[in-house]
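Please keep the sequence and the coordinates at hand while reading.

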Amino acid sequence: MKTWMITGTSSGFGKALATRLALQNNVKVIATARKEKDLAYLDEYDHGQIKKIIVDIADPKAIREAAKQALNFSEKIDVLVNNAGLGYFSTIEESDMQAVRYMFEVDFFGLAEMTNALLPQFRTNQDGVIVNISSALGLTTLPTMGFYSAAKFAVEGYSDALRQEISSMGIKVLTVEPSGARTNWAGSSSEKKIPTIAAYEQFKDMIATTDQAVDNAPGDPMLIAQAIIDAVNSGDEMPEHLPLGEFAYQASLSKLRSLMSEIESHRELSLSTDDK
């Protein structure tokens with residue numbers, strides 16, 4: 001039986017993944033959340049193959065303890081899914097930096113801490129997959145989501161470097177970039193700051209209506225969960241990056257094409273700075 005460990009399984013993609021995997025007979029599931037009650041939905045699927053772990057993903061000590069509990073339950077973690085995350089909506093200038101730092105603790109540093117806690121067992125086994133849930137906004141950006149994008153851009157850079165460092169050990173890294181989906185990402189799992197500076201008035205509605213936008217988002221968490229499972233199970237065909245949804249697909253390609261065009265158009269200036 002393969003063992004999947006998933007952080008942030010109280011709702012959204014994490015809950016969808018845990019539910020899908022719990023229905024499979026050949027998979028053990030380690031599900032984490034901050035509160036025990038948020039994992040009660042797994043009870044109906046549990047026949048000894050599910051382990052619930054309560055952990056605050058912003059607490060490095062708690063993360064290390066969670067990793068120990070996970071390895072006591074299953075000697076080998078085959079797939080780690082770093083899914084826990086928060087949304088943050090505000091213009092850059094009016095952002096609450098304390099809230100921004102906490103979001104980075106969860107969305108980036110918590111991901112890195114959990115990965116570090118489990119990397120020794122991945123190295124020992126010379127096998128495994130680390131799935132880092134990024135966002136379409138880790139590949140492109142939108143106004144009022146600058147700091148959230150910054151956290152996800154950090155996940156992208158971290159994942160790309162990690163992949164280069166551990167690929168020779170038989171460990172793979174999959175970075176997933178979903179579009180908007182019908183989750184709590186813009187609701188209870190987020191913080192919003194409506195602009196008060198007149199110059200940013202145009203963004204008031206954009207932030208105020210995020211809950212409605214998410215309710216009507218095209219992304220289906222269950223379909224996204226299945227796409228992640230299929231990608232992980234594709235073996236040597238597993239991609240390094242997996243944009244999911246039309247916005248993720250179209251916006252990331254548009255951003256990359258624009259960046260390539262800009263870089264190429266300034267080729268001479270770029271190359272002129274090397275002392276040959």
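In this predicted model, Leu118 is in contact with Met5, Ala67, Leu71, Ile77 and Leu80, once its neighbours within four places in sequence are left aside. Leu118 also belongs to the largest nonpolar core, which has 40 residues, and together with Met5, Met114 and Ile130 it touches the most other members of that core.

| Element | Residues |
|---|---|
| helix H2 | 60-73 |
| strand E5 | 87-89 |
| helix H3 | 97-125 |
| helix H4 | 146-166 |
| strand E7 | 171-178 |

Helix H3 provides the largest share of this core, 12 residues. Apart from it lies another core, of 32 residues, which includes Phe13, Leu17, Leu39 and Ala225.

Asn132 is found in strand E6, residues 128-133, and it counts as buried because its relative accessibility is 0%, where the cut-off is under 20%. Not counting residues up to four places away in sequence, Asn132 touches Asn82, Leu111, Thr115, Val155, Tyr158, Ser159, Val173, Leu174, Thr175 and Val176.

Turning to open space, the second largest pocket has a volume of about 160 Å³. Its lining is made up of Lys2, Asp78, Val79, Asp127, Gly128, Val129, Gly170, Lys172, Val232, Asn233, Gly235 and Met238, and by class these comprise four nonpolar, four polar and four charged residues.

Note on methods. Residues numbered from 1 in each chain as written. Predicted model: local features only at pLDDT ≥ 70, side-chain atom pairs only at ≥ 80, totals over all residues. Heavy atoms only, no water. Core = buried A, V, L, I, M, F, W, Y, C linked by side-chain atoms within 4.5 Å. Buried < 20%, exposed > 50% of the residue type's maximum accessible area, 1.4 Å probe, protein only. Helix = DSSP H or I, 4+ residues; strand = E, 2+ residues; numbered from the N terminus. Contact = heavy atoms within 4.5 Å. 1 Å grid on protein atoms, 1.4 Å probe; cavity = no way out; pocket = protein on both sides within 12 Å on 5 of 7 lines; lining within 4 Å. Points joined across faces, edges and corners; volume = space filled by probe spheres on them. Nonpolar A, V, L, I, M, F, W, Y, C, P; charged D, E, K, R; others polar.
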